[in-house]
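Hi,

Here is the structure I promised to pass on. Have a look at it first, and then read my notes below.

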Amino acid sequence: MNGTEQPNMKIKIQTFPRIHLTLIGMNNDGYRINGGIGFSISNPKLSLCFKESESVEITDLRTFKFTELEKEKLISIIKKSIIQYEFKKSISCKIEGDVLPHYGLGSNTSIYLSCLEALFIINNHKYTHNTLILASNRGGTSGVGINTYFEGGFVFDVGIDKQEQILLPSSIAERNDNLPLVLNKCNLPNWQIGICIQNISNKSEQEEIDFFKSCCPIDKSSVEEILYEAVYGITASVLNENYAVFCKAINAIQLTKWKSLERSIYGSELYELENKIKSYGADCVGMSSLGPMLFFMGENLDEIILNINKEFPTAVCYR
């Protein structure tokens, strides 16, 4: 994209969240590490409004905001590109919307990419998807978020070459310009999906780091089980538009080693909510990324959501 330079340019970028089904290569004795499968969804949204500024300014108007440390990290990434490309103009950004940070919706990645995209447009500088991805330093564990930002759809990637890489959460993983290898990128069938954000405490960036340090690596046989569900279950059913197999694979993934570890950090609260959603008629229930957001599919989503709201009045659901 190459914008026409205008004085006092204002830009609005609307981003959509993603569901990350599971990470895959969380072992250290294989060819590659990380990788994952997931897809974008239409709700809830984030709106980011930008204008020219003398310095980088981030105003987070969400109910649950960036921490000061997270805001400083974002500002640092933006400033790095300003220096690298010798940009004359900086950006001011206002963030609004219902996408909560650290709930499994991929909001941080979409905000980073939006800020950089706006920066390049305001400075009338040509860019590609990879220009922004590399500048963002996101995608350290999986290519799902960095790819669905641009075109939506479904993404299956196989991470990066093992080399001397360490298993870390995406927020701090050093990628060294080594982008995740995407095996399949396609449109998702027009299936209706519900998501549920319950009043379960999410995990901070430091808690995510501690989780990775304590749980990685897992054994190779467990990775092979995840990979089977990712290829023969999820990806094949997306390409064949086989709803029944897709749901079966979603449920199976929740029982795999890595996803079981992720789910266990929330304990009985998460399991109780999941079991209730199933009892209301859901064909599958899964947790996105490190959670605690749950997603589900079923014949009558409206009825399932109504029942959730009755029994869990603090829960927020989207279709």
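**The loop around Asn43**

Asn43 sits in the loop between strand S3 (32-40) and strand S4 (46-53). Before going further, please keep in mind that this is a predicted model. With a relative accessible area of 26%, Asn43 is partly exposed, since buried would need a value under 20%. Its side chain makes a polar contact with the side chain of Lys45, at 2.9 Å. Leaving aside residues up to four places away in sequence, Asn43 touches Pro17, Ile195, Tyr318 and Arg319.

**Ser288**

Another loop to look at is the one between S11 and strand S12 (294-298), where you'll find Ser288. Is Ser288 buried or exposed? Its relative accessibility is 0%, so Ser288 counts as buried. The side chain of Ser288 reaches two backbone atoms: the nitrogen of His20 at 3.0 Å and the oxygen of Gly104 at 2.5 Å. Both of those residues also turn up among the ones Ser288 touches, along with Arg18, Ile19, Lys259, Met293 and Phe295, again not counting residues up to four places away in sequence.

**Helix H8**

Lys259 leads us to helix H8 (residues 257-264), where the buried residues are Trp258, Lys259, Glu262 and Arg263. These cover an arc of only 130 degrees around the axis, so they lie on the same side of H8. What do they pack against? The partners are strand S2 (18-25), helix H5 (205-215), helix H6 (220-240), helix H7 (243-253), helix H9 (268-279) and strand S11 (282-287).

Helix H4 (residues 144-151) is largely enclosed by the rest of the structure, because six of its eight residues are buried. Those are Val144, Gly145, Ile146, Asn147, Thr148 and Tyr149. After H4 comes Gly152, which has a positive phi, near 65 degrees.

To describe two packed helices, we use the angle between their axes and the distance between the axes. For helix H2 (residues 107-122) and H4, the axes come within 9 Å and cross at roughly 55 degrees. H2 and H4 are therefore oblique to each other, and H2 passes H4 in a right-handed crossing. On the H2 side, the meeting residues are Thr109, Ser110, Leu113, Ser114 and Glu117, and in H4 they are Gly145, Ile146, Tyr149 and Phe150.

Cheers

Note on methods
Residues are numbered from 1 along each chain as its sequence is written. This is a predicted model: local features need pLDDT of at least 70, side-chain atom pairs count only at pLDDT 80 or more; totals for chains, interfaces and linings use all residues. Side-chain values use heavy atoms; hydrogens and water are left out. Buried means under 20% relative accessible area, exposed over 50%, partly exposed in between (1.4 Å probe, protein chains only). Helices (H or I, at least four residues) and strands (E, at least two) are DSSP runs, numbered from the N terminus. The arc is that of the directions from the helix axis to the C-beta atoms. Contact means heavy atoms within 4.5 Å. A polar contact is a pair of N or O atoms within 3.5 Å; within protein, one must be able to donate a hydrogen and the other to accept it, and residues adjacent in sequence count only if both atoms are side-chain atoms. Axes are lines fitted to C-alpha atoms, for helices over the stretch in contact, and angles run from 0 to 180 degrees between N-to-C directions. Angles under 35 degrees count as roughly parallel, over 145 as roughly antiparallel, 65 to 115 as roughly perpendicular and the rest as oblique. A crossing is left-handed if the near helix is turned anticlockwise from the far one by less than a right angle, and right-handed if clockwise.
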